[in-house]
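Hi everyone, thanks for making time for this. Have a look at the sequence and the model on the screen, and I'll walk you through a few parts of the fold.

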Amino acid sequence: NVSKTDEDMSILITGYSGYIGKLLMQKLRNSKKDVLTMGRNRHKKPDIYVKDIFSVNYNSWIKILTNVETVVHLAWIATPGIYQNSLENEICYTGSKTLIDACQFSKSVRNVVIAGSAVDHVGKVDQNDSEYINNYAKYKSELYNYAYKKIPNRLIWPRIHYIYGEHEPSGKLFKHIKYNITELSEVLLENPNIELDFVGEDIVA
């Protein structure tokens, strides 16, 4: 179920239809970079269509990675309020390991960028404990360890904290504040005392 439309692309992006993926893809294409997108939604017209990114087998990945120099792997479950403890995190982890295995033996891949987060950085409830704060932290942390073992000289693992900007999804903190100020409404924050690190979307892309 893999159909490749251009053999000359050199940057492959999974999860390109997400918040970060859209920004990165636009920035790369504006810079005249060769970009190859991979996704499971035919309506969004990915360059490579697959039914499920995390079910792609090793041999198919090797074929897809032909002439790909950089892989930017952003695909992962990200449903708000659900992803933290979803069982799908294990599926994302297992499928991502197969991609990493293919990158390890690819003759063309030189850089593998996998998005981390503040959560996988914190990881465990206690650093001396085996218990993780949630499933997302567990499988992202374990994926980092796996990737570092397999492709240490090719791996780039940016830990992206909370993102804000004009393109952030509705309901996010900064859009919530901006909207209410614009409407001269009261700004209500459920957890006003939490300290979080934010980074602008342009910097992330």
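**A walk across the sheet**

Let's begin with strand β5 and strand β7 (residues 155-156): they run parallel and are joined by 2 bridges. In that pairing, V112 sits opposite L155 of β7. Before I go on, please keep in mind that this is a predicted model, where local features need pLDDT of at least 70 and side-chain atom pairs count only at pLDDT 80 or more, while totals for chains, interfaces and linings use all residues. Residues are numbered from 1 along each chain as its sequence is written, and side-chain values use heavy atoms, with hydrogens and water left out.

Two strands pair if DSSP finds at least two bridges between them. In general, strands of a sheet pair through backbone hydrogen bonds, either parallel or antiparallel.

So what is the order of the strands in the open sheet? There are 6 strands, in the order β3-β2-β1-β4-β5-β7, with parallel pairing. At the edges are β3 and β7, each of which pairs on one side only.

Right-handed means that, with the strands pointing away from the viewer, the path from the first strand over the helix to the second runs clockwise.

On to β2 (residues 35-39). Is this strand enclosed or open? It is largely enclosed by the rest of the structure, because 5 of its 5 residues are buried; buried means under 20% relative accessible area, exposed over 50%, and partly exposed in between (1.4 Å probe, protein chains only). In a regular strand, the side chains alternate between the two faces of the sheet. For β2, both faces are covered: V35, T37 and G39 are buried on one side, L36 and M38 on the other.

β2 has two partners to show you. With β1 (residues 11-14) the pairing is parallel over 4 bridges, and I13 stands opposite T37. With β3 (residues 48-49) there are 2 bridges, again parallel, and the bridge partner of M38 is I48. Another right-handed β-α-β unit is made by β1, helix α1 (residues 19-30) and β2.

In the loop between α1 and β2 you'll find S31, which counts as partly exposed because its relative accessibility is 44%. A polar atom of the S31 side chain lies 3.0 Å from the backbone oxygen of K27.

Last stop, the surface. Y162, Y164, L173, F174, I181, V187, L189, I194, L196 and F198 form a nonpolar patch there, with about 840 Å² of accessible area together. Such a patch joins nonpolar side chains (Val, Leu, Ile, Met, Phe, Trp, Tyr) within 5 Å, or like charges within 9 Å, from residues with over 30% relative accessible area and no salt bridge. A salt bridge is a side-chain nitrogen of Lys or Arg within 4 Å of a carboxyl oxygen of Asp or Glu, and accessible areas come from the Shrake-Rupley method with a 1.4 Å probe, with only the protein chains shown counting as cover for residues.

Which element gives the most to the patch? That is α6, with 3 residues.

Conventions: Polar contact = N/O pair within 3.5 Å; in protein donor to acceptor, adjacent residues only side chain to side chain.
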